[in-house]
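Please look over the sequence and the 3D structure shown next, and then read the briefing that follows.

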Amino acid sequence: MEWSIGDESERYSVVMSNEGEVMSLSNITMDGQEIELPNLQVSSDASSGRLIVEIEGIPKFAHIARVGDDWWIHLDGRAHVVKGYEKGSQKGQDSDSGLTAPMPGTILEVLVKKGQRVREGQTLMVMEAMKMEHKIQAPSNGEVSLIHFQEGDRVDMGSALIELAD
Amino acid sequence: MFPEWMQGAPNRFDTVLVANRGEIAVRVLRAVKEAGLRAIAVYSKPDSESLHVEIADEAILLPDGPLSENYLNQEAIIEAARSSGAGAIHPGYGFLSERADFARAVSDSEIVWIGPRAESIEVMGDKISARSRMISSGVPVIPGDEVSIPEDGAHLGPLAVAAAKVGYPLLLKASAGGGGKGMRAVREPKMLRTEYEAAAREATAAFGDGTVYVERLLTGARHVEIQVLADTHGNCIHLNERDCSLQRRHQKVIEEAPSPAVSESVRSSMGDAAVLAAKAVNYVGAGTVEFLLSSNGEFFFLEMNTRLQVEHPVTEMITGVDLVQKQLEIASGLEMGISQDQVTISGHAIEARIYAEDATRGFLPAIGTLSTWVAPSGPGIRVDSGVRQGDEVTVNFDPMLAKLVVHAPTRKAAIRRLDSALSNFVALGVVTNISFLRNAASHSAFLSGNITTDLLDSSDISEFSDPEPPAKTLVSIAEAALRMGLDKTHSGVAGNPVDEHTGHSGDPFRTLSRSYP
């Protein structure tokens, strides 16, 4: 597995070595480059379902939960998502030229036409979700190449709404 | 069987139906049970496994479909009260809580309505009639004007005239709006049409009304509200203020009491104004009068919420008054049993609203399964939660999951306690605003107490962004967890050992091999 922190682009590969119940970090790379190795051990605290993480000798507890290939980790008062990828899978696979619905909802307005040139930040569509309006804005300058929905259509989370070409 | 405290009350009831869901239904159902009454929940199908259904003595399924078929379905809720023998209905907040027609329908069905009279709701529920009633009662109001827009919204002439008279920047509100919906700031005349159209759409989607109200937008003001309590015997008192200045798009984020900006003299004059406002509409029960407090100490009536507020716990913490218990007593026709000079302030309380939303993506509501949900506990920590570990967070309802309330002797100590409690609040599987709340509560403006309602909207969001995550540690944990085969989706505290003797884990009096009789 390769890992990223949330949607950050850096990919990490980690080698852990077993010493009985304890796993020690023995190698770590970021985007293929070896990086400085902290003294880090991980063991399971079976009774509470948490992990005990020792960093440079200081123990901390981590709550963990797996959702699909992602691990949700609560450490030091913050929750993080560490995303897992099969080794060598395409980088940035979900970064987009098509714009997707951030939430399930309804399309209220389509403000552009196919073939129209748009500026970065220009509002392309307005959708309603959770009783609030959300603007779908162009991530970059481009030309509208495809519009997938019309006003009044219901859309699911992640549906491609509109596509831009350079 | 009526509980002892209700003996002698004119409108006795032994069973209360709570017409709500989520954390407030849980809060009220628990109070009802504590008061020695039977607690009835109502629910829609997606809520079958919800916490509020679980804790009720009896739960009644409402028809499937949109909200209008269940939580907003007046006939079905009154029928549920009848069939379950409920002598009273508590509406919570939101949903039917500020619907005068519902209050009337409940009373007409010979069921006790735990709330103010329908007429009070009517007057205060319409911003325009509320305003004129306040003016005639001598409560200070913000410069503003009402405009009725034709159905199709084609002619904005009258709106433009009113807007010019009030002055920019201004706030455009749908008369029947609330909670930040159907409310838009207009900074310059050319944005009037765009913002009007957005406000009208939101208001229609959420409330089904389209009259518009314009008022001067006071920048650099604080949102300070006064909790009032009135009974049917003519007693009306206030329970000090709450400061709800930390807002995002008019949605409250963190609330506290007392307000760091309110002096004893402002508290007393604002309290008097709130009591005046409540008396002007013959108010009964618990209500909140909202004011805008400008930096020079002037304050203006904003609106009155004729119901229990989301943030009512901060008042309970500093005054020691259980507002829901008081609502029950007042509804039964008893005197409220507390006088103005008995209301005190003890320490400082802060509430943070835990939302399923992604602060890094424009606060979009988030969904998913709460694989891990461990709420903090300890002295001075209260969590009013509507969810449990394993619950599904969907788009069907408001994304507020819980409220974390802390109480400490001073504001500084309360802020430290808030940060500590937020750090120990573990919610995994669904993106929450917990981290954002920590960042907001440690922002210099919040620490100094100099918060204005436009702080979050006018600041660069990067001022509230998370510290750099410990990447190496996190990826090592993920790899180790994967290698250990900890791959069940719902992990967490499932393996919590329960002591056979005491029935709970971590008992300091238990021994390894012996148990005492």
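A contact here means heavy atoms within 4.5 Å, and among contacts in chain B between residues at least 6 apart in sequence, 66% join residues at least 24 apart. This is a predicted model, in which local features need pLDDT of at least 70 and side-chain atom pairs count only at pLDDT 80 or more, while totals for chains, interfaces and linings use all residues. Residues are numbered from 1 along each chain as its sequence is written, chains are lettered from A and ligands numbered from 1 in the order in which they are written, and side-chain values use heavy atoms, with hydrogens and water left out.

**Overall make-up of chain B**

- Chain B has 16 helices and 23 strands, where helices (H or I, at least four residues) and strands (E, at least two) are DSSP runs numbered from the N terminus.
- Of the 517 residues in chain B, 57% are buried, that is, under 20% relative accessible area, with exposed meaning over 50% and partly exposed in between (1.4 Å probe, protein chains only).

**Cysteines**

- Over all chains the structure holds 0 disulfides, a disulfide being a pair of cysteine sulfur atoms within 2.5 Å.
- The cysteine sulfur closest to that of C236(B) belongs to C244(B) and lies 19 Å away, which is too far for a bond.
- C236(B) counts as buried because its relative accessibility is 16%, and C244(B) counts as buried at 0%.

**Helix 3 with helix 4**

- Helix 3 (residues 74-84) and helix 4 (residues 100-108) of chain B pack at an angle of about 30 degrees with their axes 11 Å apart; axes are lines fitted to C-alpha atoms, for helices over the stretch in contact, and angles run from 0 to 180 degrees between N-to-C directions.
- These two helices of chain B, helix 3 and helix 4, are therefore roughly parallel to each other, since angles under 35 degrees count as roughly parallel, over 145 as roughly antiparallel, 65 to 115 as roughly perpendicular and the rest as oblique.
- From helix 3 of chain B, Q74(B), I77(B) and I78(B) meet D101(B), F102(B), A105(B) and V106(B) of helix 4.

**Helix 1 with helix 11**

- Helix 1 (residues 22-34) and helix 11 (residues 323-331) of chain B pack at an angle of about 60 degrees, with their axes 9 Å apart.
- That angle makes helix 1 of chain B oblique to helix 11 of chain B.
- R27(B), V28(B), A31(B) and V32(B) in helix 1 of chain B meet L323(B), V324(B) and L328(B) in helix 11.
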